Structures are given as structure tokens and as C-alpha cells.
There are 2 protein chains.
Amino acid sequence: MILSIILFYKPTSSSWRTLTFLAGVVLGLSKGGRTIKTRVTELLGIEYPIIQGGMAWIATAELAAAVSEAGGLGIIAAGNAPGDWVRAEIRKARELTTKPVGVNLMLLSPHLEEVLKVVLEEKVPVLTTGAGNPGKYLPVWKEAGIKVIPVVNSVSLAQRLERAGVDAVIGEGMEAGGHIGTETTMVLIPQLADKLEVPVIAAGGIADGRGMAAAMILGAEGVQLGTRFLCAEECQVAPAYKEMVLKAKDRSTVVTGSSTGHPVRVLKNPFAQQFLELEAAGTPPEELDKFGTGRLAAAVRGDVKEGSVMAGQSAALVERIEPVAKIIESLVSECRALLPSSGF
Amino acid sequence: MILSIILFYKPTSSSWRTLTFLAGVVLGLSKGGRTIKTRVTELLGIEYPIIQGGMAWIATAELAAAVSEAGGLGIIAAGNAPGDWVRAEIRKARELTTKPVGVNLMLLSPHLEEVLKVVLEEKVPVLTTGAGNPGKYLPVWKEAGIKVIPVVNSVSLAQRLERAGVDAVIGEGMEAGGHIGTETTMVLIPQLADKLEVPVIAAGGIADGRGMAAAMILGAEGVQLGTRFLCAEECQVAPAYKEMVLKAKDRSTVVTGSSTGHPVRVLKNPFAQQFLELEAAGTPPEELDKFGTGRLAAAVRGDVKEGSVMAGQSAALVERIEPVAKIIESLVSECRALLPSSGF
């Protein structure tokens with residue numbers, strides 16, 4: 001039986017807003033233990049405000065289903081994949097869990113229209129979006145009752161998307177892996193919390209309960225983790241990729257592609273080194289794009305020398321390969337221990 | 001009368017360490033209200049674990065004295081200034097407050113030897129250091145009873161300096177203003193807290209009580225703020241500089257000097273734009289250095305177009321010019337409200 005009283009509040013200003021939120025967070029009782037209720041868990045119908053990042057080629061049905069089954073929100077990344085692949089992954093995930101699983105759309109995908117058709121047909125309940133402004137698709141998605149949560153790395157884009165009707169935003173700091181912006185989690189989250197009415201989910205640099213609790217203190221009502229979940233047992237990425245994340249220390253990542261306007265955070269390896277040298281030598285963006293094509297897929301298959309091993313700075317905080325359930329359990333218990341008065 | 005019981009603890013592992021710290025933090029009673037006790041306040045003999053950043057040309061006696069008088073630790077930045085200037089500032093600060101005031105040493109200063117003599121003669125109680133490894137000076141400083149707290153932006157340098165005998169470290173995330181590293185506060189602080197025995201002070205991206213509380217959750221036992229104090233009434237920087245900080249939003253800063261190996265975070269202006277263009281055109285480091293010389297001083301005097309207006313990403317969170325005492329009071333009260341069970 002689930003007992004819960006939700007206290008909704010009208011945020012007023014900056015830190016009092018966070019405080020009101022923390023004070024307003026509510027205890028629930030469910031069979032698996034206490035849930036952590038925020039507007040994000042309410043919105044998504046999940047137990048814990050923990051979302052798994054939509055990592056292209058990495059976030060497949062197995063990982064997404066495991067995260068949802070453990071009480072978070074699992075996400076299948078559509079990436080550049082065709083519609084049929086996305087449909088097969090959605091169905092596979094549904095065989096593994098009855099809980100909601102979302103899909104991350106890469107808005108620059110060549111198969112986007114096809115994938116959009118699939119997510120509507122399959123009645124995917126939640127979409128997260130990256131690489132662009134999903135504004136023009138919102139009317140159709142809202143009509144279909146889909147919850148839409150874009151990844152944003154600036155306040156102005158977040159405000160535009162709130163006006164367009166998104167349900168929440170994922171504010172992603174530049175410490176994150178893969179495609180990034182410029183602002184860090186520490187400064188982006190409080191600004192988003194101040195400027196938006198919709199809930200803010202924090203991403204970038206979060207790999208344990210300390211990061212989760214800190215993000216909540218900064219004004220987030222949920223967190224998204226990529227790199228930590230990449231090292232989950234259920235993640236299908238090649239063992240060599242996981243090993244490289246586990247070995248990472250501080251300063252193990254570099255940002256490639258700054259000169260092309262599409263910066264990407266990756267672990268240092270011969271590919272990254274070569275890419276940076278080409279950039280320093282003034283190689284034109286189109287040649288760099290060509291040089292980088294297919295490199296993430298190569299890394300996912302295990303070529304961690306010539307592949308693009310995307311990971312966040314939080315790789316330095318990831319120390320072991322564990323089942324998803326264990327990861328979520330430790331995030332929740334650490335976060336609760338650090339915020340004992342929050343009601344978590 | 002001050003009542004305090006200090007619980008020292010032997011840290012064991014990651015988040016439990018932070019938890020033990022938070023649980024072990026102690027209430028004190030002093031005439032100005034409750035202090036916040038951590039190993040940092042104990043080490044420095046201050047009321048609140050709040051340190052003012054050693055901003056060259058900006059952190060003069062007036063600002064430093066006001067911060068110390070309000071219960072934090074004020075810092076006079078020696079920068080590239082000659083010994084006589086530093087001595088005069090130390091003496092001016094001592095006319096303004098009887099509380100301890102520290103000095104920040106720029107280890108690449110052409111006047112370093114002279115300044116080192118002055119800080120010893122004037123019996124400065126605390127030194128923070130930037131731009132290099134202060135290891136070789138440590139024996140003399142320790143002999144003189146000076147507390148030494150270097151600014152670090154990597155785990156390995158912090159560990160080396162701990163072995164050399166520093167009393168604490170300031171871990172500075174790359175969202176900070178001025179000279180920066182690569183790692184963000186969100187990931188650097190928990191790593192330092194895990195790897196060091198000495199207390200960690202967090203810097204970079206902290207401008208309000210949310211940032212302060214989040215830093216404590218991440219494992220810091222104190223915070224250092226630069227940009228917020230730059231907008232203090234007592235700060236002697238030109239009004240135009242402060243105005244530019246107040247107007248800053250997210251994405252208002254850029255990083256100049258990445259190509260020279262000495263990245264510096266500044267607010268966007270014609271100087272920064274020109275510098276970035278020169279870098280993109282492959283201008284050699286020595287020419288860039290020449291182009292940048294004297295630009296911070298120009299900005300401090302009010303030339304915010306052709307000067308280098310150094311500021312952190314947290315500029316977006318700074319909204320008004322206030323007296324130092326008010327800034328510290330709001331940091332402390334917000335931090336306490338967000339961490340009610342911490343004993344703050």
C-alpha cells in the first residue's frame with residue numbers, strides 16, 4: 001500500500017524555493033521501502049527521481065529496463081538508429097519490465113521521422129531529447145499524452161521550451177559525457193530552478209549519493225546519470241569500454257570538437273589525441289566530422305583506442321561494475337543519509 | 001562565551017565520510033549568533049568557513065578586512081605587486097580589523113622573493129597560493145607557524161602538497177573566474193574529500209547558500225567565493241566592473257588562453273573576442289601573452305571593453321551590490337536552512 005501526501009507549493013525566490021521544496025518533499029511507503037517523492041517522481045510515476053541518461057549506442061533495452069525495474073526511469077537511446085531497431089528495443093524492454101521506459105530522441109538523426117512514428121505507435125510514455133530544439137514536435141506529443149523532457153544546457157533554451165509546453169527539463173552541466181555545453185552543473189541548476197516553473201532534473205558530474213544530494217540542494221527535483229549506469233552489469237557496452245571508465249581519474253577526459261561548434265567529452269585515447277591535433281592544425285569542420293564518424297559505435301564494440309569513448313568527468317568517481325539495482329539503492333541511501341531532514 | 005565540542009573523526013570511505021563530517025559538525029555560541037564549526041574554522045580561528053578568493057588587483061585591504069571582520073577569512077592578493085604595496089595593504093587591513101587576514105601569493109610574481117620577506121616580517125597568519133606548486137617554501141612557512149592553503153585543480157597536485165605538509169587545500173572547479181583547470185567543482189570536491197586527510201575548501205561556481213550547502217554535501221568543510229565578493233560594497237574595483245558582473249547571465253563567460261596552456265575565465269567583451277580570434281588564427285603564445293598583459297588591471301580601473309574582466313560562471317547568480325556582512329549573513333542563513341540537521 002502506498003501512503004503519500006503531496007504538498008504542492010508555489011515557488012517564490014531562489015534558495016527559499018529549494019528549501020520549500022525540500023520541506024515539501026513527502027514520505028511514501030511502498031513494498032520496496034520508502035520512495036523519494038518530488039514533482040519528477042509524480043510526473044513520471046516512478047519511485048526514485050533517478051533517470052538514466054539516453055546514451056546513443058549504449059542505452060539499449062537491457063539497461064533501460066533494469067533502471068525502470070529498480071524504480072528509476074530507464075531510457076532507450078534512439079541515436080541514429082532506424083525505426084525498426086527502436087521498435088525492437090522498446091518491445092524487448094517491455095518483456096523485461098512492466099514499468100514505464102522512455103526513449104531519447106536525437107533530433108539530428110537521419111531516421112528521425114521514422115522513429116517519431118514508432119514512438120507514437122508504441123505509445124512510449126516519456127521522451128527525452130538532445131541535440132536541438134524539439135519545439136515543433138511538441139503539439140503532436142502533447143496530444144498523444146507523452147511527457148516531454150528536453151536536455152538543455154542554457155537558461156534561454158530552457159525558458160523557450162517551458163513556454164512551448166515541456167513537462168520538465170534536464171539541465172546538463174558541461175562535466176557530462178558526450179555532447180556538452182559550457183556551463184557547469186553547480187551554476188546551471190540553481191539558475192534553472194530560479195527561472196523555471198517546471199521541475200529541473202540535474203545531469204553532469206553526478207555519480208553517487210553526494211552528487212544526487214548536492215543537486216537536490218541546488219534546486220533539482222531529480223537527477224540523470226549516464227556514466228555510472230554505463231558501468232552497470234546490465235549495460236551491453238563492451239567490457240573494455242567499462243574498464244576504461246573504471247580506470248579514469250580526474251583529468252582523464254578531454255573535449256573534442258570545440259572548433260566545430262559541437263564539443264564532445266571523451267576519455268583520452270589515441271583517437272581523441274589525433275582529433276585534438278587535427279583541430280589544433282586548423283582542419284576544417286567537415287573533415288573533422290568525417291574523421292569522427294562511426295567512432296562511438298567502434299568504442300561501444302570494444303575499440304577503445306580508435307573509438308570515441310564518451311564519458312563524463314564523473315568517470316573518476318565510478319569504481320565498480322554493479323547491477324543497476326545496487327547502483328540505485330546506494331544512490332538513494334547515500335542521498336537520504338546526507339539529507340536526513342528532507343523527508344527522503 | 002563560546003561553547004563548543006569538537007568531534008574529530010577518522011574518515012573512512014566516500015559518502016560516509018561526508019555524513020560523519022556533517023554529523024560531527026558542532027554548534028557553537030558566540031555573540032554574533034551561532035558559528036559554523038568545521039575543521040576549517042578551527043584551523044583558521046574564524047566563525048564561518050567562508051574564505052574570500054585572492055583575486056589579483058581586486059582583493060585589497062578594504063575587502064579582506066571586511067570579510068574577516070564579518071567572520072570569514074579575508075585575503076589580500078599580492079598578485080604581481082611589489083613587497084611595499086603588500087606591506088601597506090596588510091597594515092591597512094589591520095587598522096580595519098583585529099581579526100586574522102591572509103595573503104594570496106602568486107607564485108609567478110616577479111616580486112615573489114620580496115613579498116615572501118614581507119609576509120614573514122608582518123607575521124601573516126595564513127597564506128593561500130595560486131599559479132604553481134608552493135612545495136619548496138613550505139619548510140620556512142611551517143617553521144614560522146603560518147597556515148598554508150594552496151589552490152589546486154587536480155587530485156595529484158593536492159596529494160603531493162598534502163604530503164609536503166599543507167594545512168588544507170582549496171579545490172577550485174573550472175567554473176571559477178581567472179586562471180582555471182579543467183575539472184568542475186561537482187566532480188573535483190568529492191574526489192579530493194575521498195583522497196585527502198586535510199580539509200578541503202570548495203571554490204568555483206559558489207555564490208549563494210545553495211552552492212555553499214551543496215559544496216558541504218560534496219565533502220568540503222569550507223567554501224571560497226571570489227565573484228560574489230567582487231560585488232561587495234567594500235570591494236574597490238571600478239563600478240563598471242561590478243555592473244558587468246551583475247548583468248552577466250549563463251554563457252556570459254568565455255575561456256581565453258586555452259591555446260597557451262594558461263586558460264583564464266573572463267566575461268565576454270571586445271578584448272575577449274579579439275583574444276579568441278587571435279588564438280583561432282594560431283597566434284603564438286608569447287604574442288598572446290603580450291596582448292593580454294595589463295588587461296586585468298585595466299578592467300579593475302574601469303576599462304571593461306579593452307580590459308580582461310575576470311569572473312566566474314557564478315556571475316549569473318550575483319544580483320546585487322551589498323556590504324560584505326550582508327553577503328556572509330545570507331550565505332550562512334541559506335546554508336543552515338538547507339542543511340537543518342547538520343548542526344549549522
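This is a predicted model: local features need pLDDT of at least 70, side-chain atom pairs count only at pLDDT 80 or more; totals for chains, interfaces and linings use all residues.
View 1. Together, domain 1 of chain A and domain 2 of chain A bury about 850 Å² between them, and 67% of that lies on carbon and sulfur atoms. Buried area here is the accessible area, found with a 1.4 Å probe, that two parts lose on being put together, summed over both. Residues are numbered from 1 along each chain as its sequence is written, chains are lettered from A and ligands numbered from 1 in the order in which they are written, and side-chain values use heavy atoms, with hydrogens and water left out.

View 2. The contact (heavy atoms within 4.5 Å) takes 11 residues from domain 1 of chain A and 9 residues from domain 2 of chain A. Between these domains there are 4 residue pairs in polar contact, both residues at pLDDT 80 or more. A polar contact is a pair of N or O atoms within 3.5 Å; within protein, one must be able to donate a hydrogen and the other to accept it, and residues adjacent in sequence count only if both atoms are side-chain atoms.

**View 3. Chain B against chain A.** Here the contact takes 42 residues from chain B and 42 residues from chain A. The two chains bury about 3,700 Å² between them, 63% of it on carbon and sulfur atoms. Polar contacts join 14 residue pairs between chain B and chain A (both at pLDDT 80 or more). On the side of chain B that touches chain A, H9(B) gives the most, with 7 residues; helices are DSSP runs (H or I, at least four residues), numbered from the N terminus.

**View 4. Salt bridges.** Side chains of opposite charge can pair when their charged atoms come close. A salt bridge is a side-chain nitrogen of Lys or Arg within 4 Å of a carboxyl oxygen of Asp or Glu. The interface of chain B and chain A has 2 salt bridges; one of them joins Arg210(A) to Asp194(B), with the closest N and O atoms 2.9 Å apart. Within chain A, Glu62(A) pairs with Lys92(A), the closest N and O atoms being 3.5 Å apart. Glu62(A) lies in helix H3 (residues 61–69) and Lys92(A) in helix H4 (residues 83–96) of chain A, so the pair ties together parts that are 30 residues apart in sequence.

**View 5. Along the rotation axis.** Chain B can be laid on chain A with an RMSD of 0.0 Å by a turn of 180° and a shift of 0.0 Å along the axis. The two copies are thus related as by a two-fold rotation axis. The superposition is by least squares on the C-alpha atoms of residues with pLDDT of at least 70 in both. Which residue of chain B comes closest to the rotation axis? Ala214(B) does, its C-alpha at 2.2 Å.

Conventions. Helices (H or I, at least four residues) and strands (E, at least two) are DSSP runs, numbered from the N terminus.
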